[in-house]
Each structure stands twice: as C-alpha cells, then as structure tokens.
Amino acid sequence: MKIEVIYPEICNLYGDLMNAEYLARSCGAELVNTGLKEKPRFLSEEIPLVFMGTTTERGQELARDAFAPWLDGLKQRTQAGGLTLLTGNALELFGEYVQEDGNRIPMLGLFPIHAERRMMARYNSLYLGKYGEMDIVGFKSQFSHSYGDNGEGLFTTTRGAGLNPDVKAEGLRWNNLMATYLVGPLTIVNPPFAKELLRLMGVEEPHLEFEEAAMDAYRTRVEEFSDPNRGFTYH
Amino acid sequence: MKLRFILALWAAKLSQPLLKITGHKGTNFPGELALKLCPEFLRYIAKPARIVAVTGTDGKTSVTNLICDMLEASGQRVLSNRAGANTNAGVATCLLSGATIFNRTKFDVAALEVDERSAARVYPYVKPQLIAVTNLFRDSIMRNGHPEFIASFLTANLPAGSKLVLNADDLISSSVAPDNPRVYFGLDRLPTDVTDCVNRLNDLRICPKCAGKLEYEYRRYHHIGRARCVDCGFRSPDYDYEGKDVDLANMTMTVADKSGSQTYRLLSDSIFNIYNLLTAVAVLREMGMDHQTIAGLAEKIDIVSSRFQAEKVGQVEVVMQMAKDRNALACSRAFDYVASRPGEKEILLMMNNLSDEVEWSENVCWLYDCDFEFLNNEQITHIVTTGPRGKDYNLRLRLAGVPEERISWARKEMDAADKLYLRPGSSVYILYGADNRSLDMAFRVREKVVKLAEEAGK
C-alpha cells in the first residue's frame, strides 16, 4: 500500500506533511514523494491516498503549472472513487482563479470557486465542525478565502469560517476528493477522521499509532474549542 | 503636526514616571500613547546620529544585545530596546526614553531590534545606516505566514539607503532588498555539517530563482549552508566576514575579512550563538571598529541570562534554556543543543504560549515542523510535559520515538517540577517560551526546581 505526496518540495508548510506520514505509519503504507518534474504515480499505479499540502503563493503557481498535464488523470481517479486529500491553500489550486490586487491568477478550474487573497490581512482562527457525526477540530491560517459554490463542502462548520467567513460549508468534496482550508496536523488532531481516511484507503480494522494519546489530546481540544468563552480568532 | 508631536512627546514622557510609580516598568505604553497622539511620532522623535537595526527570525534579540553590550563596553552611550518590544511601539518607547523633553537625544548610537512585520511601520521614519538580517525561517504561522512572504515584505520596506549585513549561509534572507548595498557573513564548513537535510523544517528545497534542484556543499541545519542550483548556477554569496576554525575545546573562532583576521572568544558552544557573535562582529566592523578592539570587547560580555542560564544546585545542574514558543526552528535548535550536551538529563517541556491560552488556544501546527526527534536520545532519561499543550507534547514525543516510560505529564507547571527525579550528577533543562506570561511562569518553576534540588542534595 502506498501514499503519494505530491510536490513535497513546495507543498510542505505548517506541518502538513505529517498528515501523510501519520497515516502511513498507522497502516504500514509506503510513503512516496512526487517532485515537480515527475509524473504522479497515481496515474499508473494503485495509490490508495494522494496527498497535497499547503504551499507559498509562488509555490501555488509552480504546482499549478506542474500539475496541469495530470488534471484529467485526477478527474478519472476521483470519478473512480480514488481518495485524495488537499490541505490549506492546495484547495485553491483546484478552483478557477486567485484574485489579488486586481490581478487574476488562473488555477486549474476543477471546482467553480475562486480565492481572494489579501497578503496584509492574514486570517487566523480555530475551527470546530462536523464530518458526519464526527467532531472536527483544527486551525486556519491563511491569506485568502474562497468564494463560489462548494455545495455541502467537506465539513459543516460549528465555530469558525467555512470556505469563507460567510458560509458554513468548509472545504470541497467530490466523491473522495477532499479539500480543506485547515492546515497542519489535521489527521493527528482528529484521530476519528484519520481512521475514516484509513477505512477509505481500504484498511479493514484501522488503528492509529499512539491512538490513545491522540484521542486524549483530541478530547481535550474538542472540549476547549466547544467552550463558548474561549476566543476563536487570533489578533 | 509639530505641535501634535510636542504634545505626544510630553504626554508620553509624563507617562514614564507614572508607570514606574505604579509598578508598570518595561511596558510599551509610552510608545503606544505617543503613536496614538501623533502617528508620525517616529519621524519627529530625536534619534542618535548612528542607528543599527537587527531583524530576522532567530537571534535578533541576542545579536542586538551583543552589539549593545560591546558598544557600551567601548564607552559609547547606546540606546536600545533590549528591555522592551521590537514593534513600532517598542521602538517608539525606546527612542522616547532616549530623548529629552526638548527632543534632543542623549545617546551616541541606537541598537534597535526590529520585528520583521514592523518594518513597514518603523523604517519610513527610522533609517538605520546598517541593518543586520540574521536569517529567515518559518516563524509564527499566524503573524508571519512563511519566510518567502517575510523576505518580500522586507524587500518592500527596508530603507533604500541602509547597508545590509546579511547571512550568506541563508539563501532566503541573503536575497532580500537586492538593490541595497550589502555585505555578507558566513560560517565556514564545520565537522558536524552534512549535505542532506535531516530536519523536518526545510524552507528552501528548490532554487529560489528557477525552482531547480539545490545541491549543498555543506549544510549546517535546515536550509542553512552553502548551496548552488544544478540547473541555473545560482549559488550562495561569498563571505565578506568569514567565521572559521571554530574550536569548541578552546571556545574560540577566527573571523576573517579583507583587512585581516582575529581570534574571538566564543560566548557559547551552540552554533546559533556562534552565528550571533559573527553577526555582531560583522556589524561592528561595518561601524568602523577594528578586529582587535571588538575581540577585546567580546571578552567583557556574556549572553543574556533570560535566554540561557545554568546553575549547580546541590548535586544537580539546573539549566534555563529558552525555546521560543510557536517557533519550530528555535525549538529544533534548542532541542538539538540540549541533546548534544554531555551527561544524563531530564527535561521539563513548557514552551506553551500562555498568552495565547488567554486569547484563544495555541495553534500547534509548529509541533510537526519541529524536530522533537532530537529528544529521543538515551541521555535524556526523562521528559516532563506540562501546561495547556502538555498532551500535545506528549503525543508529539511519542511520534518522535521517545519511549512512553520516559515521559511524564502534569497539567499544572508547578506540579510538573515534582515529577522530576533530580538524580545526583544529572542536569535538568527547563525549556520555556518567550511570551511574558510564560517567562514569568518559567522562572517561578525554576525557583521550585532549585528548592527541590537543594532539598535533594541535603
């Protein structure tokens, strides 16, 4: 079993790479890295999970250019039910464009959304939401929000911003292509969601590495983030 | 505007003794007040004729303090924000304290630490002749985003006439403000250098010019080292000030430049502190001091005790080691350093940002950019995690391979001290964060550890 990390040389901010590593360590999968100048393995191999993490603004354009030839392959993979997880601003790569200071930077156009970027107005927030009945906790730290039709998204927001602060639906979902603005160790701070991803990868009885310690920290965080008296944004 | 400035100056001046009387020393309130009353306060406030600024992710406080201490030791009257903040309000407070009520400066030179994100609010009005940029790494993700953003922000906001003193071993910070005059410092190959990155945090994995593959002649840690792009030939700049022949046994280093070379006493055996000293030497050389004078001054100074402090208590060594909270780089460097120290060690991990806990809940993404793996070391026999993020540290340590039996946890920091074994001959490292609440807590915990060590030694 393999987990493919796309463009780790640029899509590596905020500890995002640990998501793939944690899942791989939890199920014994091999972690394979695909660089900017390489053809993704999922086009020709059985890859239960493809992962791409947060990048810089320059990185987004490099990733877009590198990935454009393989977009149809990703569509086919997704139509066939293949699992893909995108975190942070990797989500924006698959929208139509990023708008910044009057400039429109084209993206890959898989989803009917666009991002509006303001480099001098960074948005930092905690996040509390639901994936089905499951509590999701996480962190948002971003220069942009996205707008457009994201349907029901990936998560339903309880506290914090959805795809943008005006909507409850957070992230994007098409079959098992999942994208979220949440950054960092999403799978580690959400062990139930991590186990769900393992199930979708085909692991029959998923068990996480140090699951008890992860669950302990998760329960504490869910309680913290559910406390209405706790501040939710960083100033 | 001038009348507004005079009112701001006097009101802010008046606030200073009032704050002292009411026991509020060391706050930035005077600067904040001055800026509120006169937004261009920094433009009009009297400044010393010579100004040097220090910015960068890591080491700016230490470098500013070194420069300040050495200039003071040379007999100059030095104004510095060493006791205050490095934002525009901190700089305003500092300059205010250096000016008379008639707006005349009382100092020869200012050594200012300036936060990278404050560049746009400080440099339009304060134009240092020299600006040292220590390095740029991933810092607080909330404030700084990523180093590429900070580099472009500095490029947009550093004053055009300021000469830059840059780290040639850092391809990110050495590229800022390319039109400014500049000199570079760097540290020659060390026996501990590698070529591949062994750290989780590596902010430069591709060529910043062409996105090609970078090859390192030698790499110190993270992206620091001498590199070249195999595709376009872009490479690290040559050193104007070269640190070499680092001798940790004798605690010396040679610094060479076009005028000659000099042996310097090292203030610490940690590489990041060697860089800090090298940066300070380069700045003082650019200020016109000769090597011999600087080396003499370096003999008279030490590292600020709020950052590193070791004390033998009974049969235990108690060490305070700052590991800046929310900063994967600073903590990785601290962990690497602590792990490399000889002897059996216990660690009390309390880098929690306690101010964050008042405002919201600390963002823990940085834990997964940080090399907790350094703490998986047989000589580190026990790690106590504590504070609001203690459970997150516990999980992170487990993922780093630290055996469960070597980890203890206590929710409250003061209780964590009771978990320490304090074995004779061992060291206890208290790793703590930099925000004021955390500093206060760390030194209270230290007092308790010292007391426990004294009792254990009886």
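This is a predicted model: local features need pLDDT of at least 70, side-chain atom pairs count only at pLDDT 80 or more; totals for chains, interfaces and linings use all residues.
Two packed helices are described by the angle between their axes and the distance between the axes. In chain A, the axes of helix α1, which spans residues 17-27, and helix α6, which spans residues 191-200, come within 11 Å of each other and cross at roughly 65 degrees, and the crossing of α1(A) with α6(A) is right-handed. On the side of α1(A), the contact is formed by A:Tyr22, A:Leu23, A:Ser26 and A:Cys27, while α6(A) contributes A:Ala194, A:Leu197 and A:Leu198. Sorted by class, the residues of this contact between α1(A) and α6(A) comprise six that are nonpolar and one that is polar, with no charged residues.

Chain A also contains an open sheet of four strands, arranged in the order β6-β5-β7-β10 and with mixed pairing. Its edges are formed by β6 (103-106) and β10 (144-148) of chain A, each of which pairs on one side only, and neighbouring strands of the sheet are turned against each other by 25 degrees on average, direction ignored. Within the sheet, strand β5 (residues 97-100) of chain A runs parallel to strand β7 (residues 113-117) of chain A, and three bridges join them; A:Tyr97 has A:His114 of β7(A) as its bridge partner.

Between the chains, 34 residues of chain A are in contact with 24 residues of chain B. On the chain A side, α2 (57-67), β8 (123-131), β9 (134-142) and α7 (211-226) each supply at least two residues, and the largest share, seven residues, comes from α7(A). The residues on this side of chain A divide into 19 nonpolar, eight polar and seven charged.

How values were computed. Residues are numbered from 1 along each chain as its sequence is written. Chains are lettered from A and ligands numbered from 1 in the order in which they are written. Axes are lines fitted to C-alpha atoms, for helices over the stretch in contact, and angles run from 0 to 180 degrees between N-to-C directions. A crossing is left-handed if the near helix is turned anticlockwise from the far one by less than a right angle, and right-handed if clockwise. Two residues are in contact if their C-beta atoms, placed from the backbone, lie within 7 Å. Ala, Val, Leu, Ile, Met, Phe, Trp, Tyr, Cys and Pro count as nonpolar, Asp, Glu, Lys and Arg as charged, and the others, Gly among them, as polar. Two strands pair if DSSP finds at least two bridges between them.
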